[in-house]
Amino acid sequence: MSLQSVREFFAARQLDIPIIELETSTATVALAAEAHGVEPGRIAKTLAFRLAEGRVILLVAAGDARIDNRKFKEVFGKGKMLPAEDVVALTGHPVGGVCPFGLAHPLPVYLDQSLQAYDVVLPAAGDVHTAVRIAVAQLADITAGTWTDVCQVPVAEAA
């Protein structure tokens, strides 16, 4: 159903974005990067957090980016990543296939600036063997994502 909800999301918006379906798992950044032949940063990971006041948000970041706890608290206050069962219940997507499209429940989407290092990224498409290639600007547009800065710059970039 999750992959289908992504298809329906794209169809409802008349978006011609092909969904890449692979035989191999792309459930982690490393697996996805290897399967698609790209650097890990180009994999757009979607993380779900419950904030202190109870609100749930999605954060999409470059695959090689790490949450900077200080920055996260400055922007959102305290928050915790959701357990897998809550992720599935709220997004409709399994962990490893979570994306900001075709969500079971409307959730605010935040896009970390780490994505801006790339012109095109590959987020999952609702299943652990799917993805889409999408321009970062289009990702921001179709998710109505809000740009934020809550991740650490990968060590390779900082050097």
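This is a predicted model: local features need pLDDT of at least 70, side-chain atom pairs count only at pLDDT 80 or more; totals for chains, interfaces and linings use all residues.

Visitor: What does the radius of gyration of the protein chain agree with?

Guide: It is set beside the value for a compact globule. For 159 residues such a globule would have a radius of gyration near 15 Å, and the protein chain has 15 Å, so the two agree.

Visitor: Which share of the contacts joins residues 24 or more positions apart?

Guide: Among contacts with a separation of 6 or more, 63% are between residues 24 or more positions apart.

Visitor: How many positive and negative side chains does the protein chain have?

Guide: There are 13 positive and 18 negative side chains, and the centres of the two sets lie 8 Å apart.

Visitor: Let us turn to a helix. Which residues of helix 1 are buried?

Guide: The general idea comes first. An α-helix has 3.6 residues a turn, so residues three or four places apart point the same way. In helix 1, which covers residues 2–12, the buried residues are Ser2, Leu3, Ser5, Val6, Phe9 and Phe10. These residues lie on the same side of helix 1 because they cover an arc of only 160° around the axis.

Visitor: What covers those buried residues, and which exposed residues are on the face turned away?

Guide: The cover of the buried residues includes strand 1 (19–21), strand 8 (130–132) and helix 5 (136–143). On the face of helix 1 turned away from the buried side are the exposed residues Ala11 and Ala12.

Visitor: Is Gln14 buried or exposed?

Guide: The cut-off for exposed is over 50% relative accessible area. Gln14 has 74% relative accessibility and therefore counts as exposed.

Visitor: Where does Ala144 lie, and what is its phi?

Guide: Ala144 is in the loop between helix 5 and strand 10 (146–148). Ala144 is not a glycine, yet its phi is positive, about 55°. With 61% relative accessibility, Ala144 counts as exposed.

Visitor: Which residues does Lys80 touch beyond its neighbours in sequence?

Guide: Lys80, in strand 5 (residues 79–81), touches Ala48, Phe49 and Arg50 when residues up to four places away in sequence are not counted. The C-alpha atoms of Lys80 and Leu51 are separated by 6.5 Å, and these two residues are 29 residues apart along the chain. Lys80 counts as exposed, with 65% relative accessibility.

Visitor: Where is His105 found?

Guide: His105 is in the loop between helix 4 (84–91) and strand 6 (109–112). Its relative accessible area is 38%, so His105 is partly exposed. Leaving aside neighbours within four places in sequence, His105 is in contact with Ala89 and Leu90.

Technical notes. Residues are numbered from 1 along each chain as its sequence is written. Side-chain values use heavy atoms; hydrogens and water are left out. Buried means under 20% relative accessible area, exposed over 50%, partly exposed in between (1.4 Å probe, protein chains only). Helices (H or I, at least four residues) and strands (E, at least two) are DSSP runs, numbered from the N terminus. The arc is that of the directions from the helix axis to the C-beta atoms. Contact means heavy atoms within 4.5 Å. The radius of gyration is taken over C-alpha atoms; the globule rule is 2.2 Å times the number of residues to the power 0.38. Lys and Arg count as positive and Asp and Glu as negative; His and the chain ends are not counted. The place of a charge is taken as NZ of Lys, CZ of Arg, CG of Asp or CD of Glu.
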